[in-house]
Amino acid sequence: MICSLMIDCDDAADFSGNTGVALGRPFAAYPLLAARASGMITRHYVVTESPPVKGAALQYDAAIVDPPKSSAGLLSRPEQLLRHGEAHVAEELKSDKESLELLVLLSAHAPAVTRDLIEAGIEALQNRPELDSAVSVSPYNRWNPFFARKETPEGLLAPYVSQTQAANADAWFPDWGVCILRPRCLADAKGDRPAPWMGEKVLPLKQWGGGPIDYLWQVPSLEYWLKKNGFTDLAGTMELQPKPQLAPKTDRL
């Protein structure tokens with residue numbers, strides 16, 4: 001069975017509790033819309049304690065998983081939420097005599113993801129068993145790591161990466177839109193930090209304009225991306241607030 005799992009790190013600088021809104025919808029609505037638009041995903045889960053994200057989960061029929069209580073740092077928090085959520089999903093499927101084939105990992109504060117991107121990743125992993133995962137990436141050539149600088153103890157700038165020659169290759173950054181992975185990647189954890197669950201053989205799902213939304217100044221860019229991908233502005237309409245619903249049933253097919 002293929003399931004989606006949206007994690008909510010709740011670590012954005014300007015959106016406490018992930019209260020960010022774009023085109024009249026909460027950020028968390030967009031990954032759920034993309035996942036539900038795909039006919040390839042059977043169940044949907046959200047790891048969160050934020051009321052706005054819980055509201056979006058209820059509106060789009062996703063089961064809510066309470067996050068673990070811990071003091072995990074910024075870099076380790078996504079992995080902790082992922083492992084916690086995957087364990088919950090696997091246990092629920094086991095009770096239904098099902099198993100997890102692929103996990104579609106989403107992020108509550110990375111709205112730039114489409115159904116086509118998700119389905120392309122799922123189909124790639126189904127057709128290519130050697131792949132560990134498929135990850136959405138966006139090009140940021142102006143932020144090529146070879147151009148980065150760090151401050152020295154003397155207060156001067158020095159190359160951040162010790163290389164004698166700048167790379168000419170495109171700089172593709174994982175943008176947290178979607179990561180389709182095999183459950184064994186969580187057990188093996190052989191990939192590079194800070195995302196070892198991606199594994200070693202990672203297929204890039206190329207798009208543009210993706211990335212987590214941490215600051216208010218990023219919202220206009222996100223709304224431009226959303227409009228380019230067919231979303232209309234619902235500000236002032238009745239869809240602004242998620243409709244209250246009962247918690248999703250856990251025995252649905």
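These legends accompany close-up views of one predicted model.

**View 1. The open sheet, strand by strand.** Seven strands make up an open sheet here, and walking across it gives the order E5-E4-E1-E6-E10-E7-E11. The pairing is mixed. At the edges sit strand E5 (63–65) and strand E11 (202–206), each of which pairs on one side only. From one strand to the next, the twist averages 30 degrees. As a reminder, strands of a sheet pair through backbone hydrogen bonds, either parallel or antiparallel.

**View 2. Where E6 meets E10.** Zooming in on the sheet, we find E6 and E10 paired in the antiparallel sense, over 3 bridges. Look for Leu105, which stands opposite Cys179 in E10.

**View 3. The cavity and its volume.** With 30 Å³ or more as the cut-off, the count comes to 1 cavity.

**View 4. Who lines the cavity?** Three strands each supply at least two residues of the lining of the largest cavity: strand E6 (102–107), strand E7 (133–139) and strand E10 (172–181). E10 gives the most, with 5 residues. In the sheet order, E10 stands between E6 and E7.

Conventions: Residues numbered from 1 in each chain as written. Predicted model: local features only at pLDDT ≥ 70, side-chain atom pairs only at ≥ 80, totals over all residues. Heavy atoms only, no water. 1 Å grid on protein atoms, 1.4 Å probe; cavity = no way out; pocket = protein on both sides within 12 Å on 5 of 7 lines; lining within 4 Å. Points joined across faces, edges and corners; volume = space filled by probe spheres on them. Helix = DSSP H or I, 4+ residues; strand = E, 2+ residues; numbered from the N terminus. Pairing = 2+ DSSP bridges. Axes fitted to C-alpha atoms, helices over the stretch in contact; angles between N-to-C directions.
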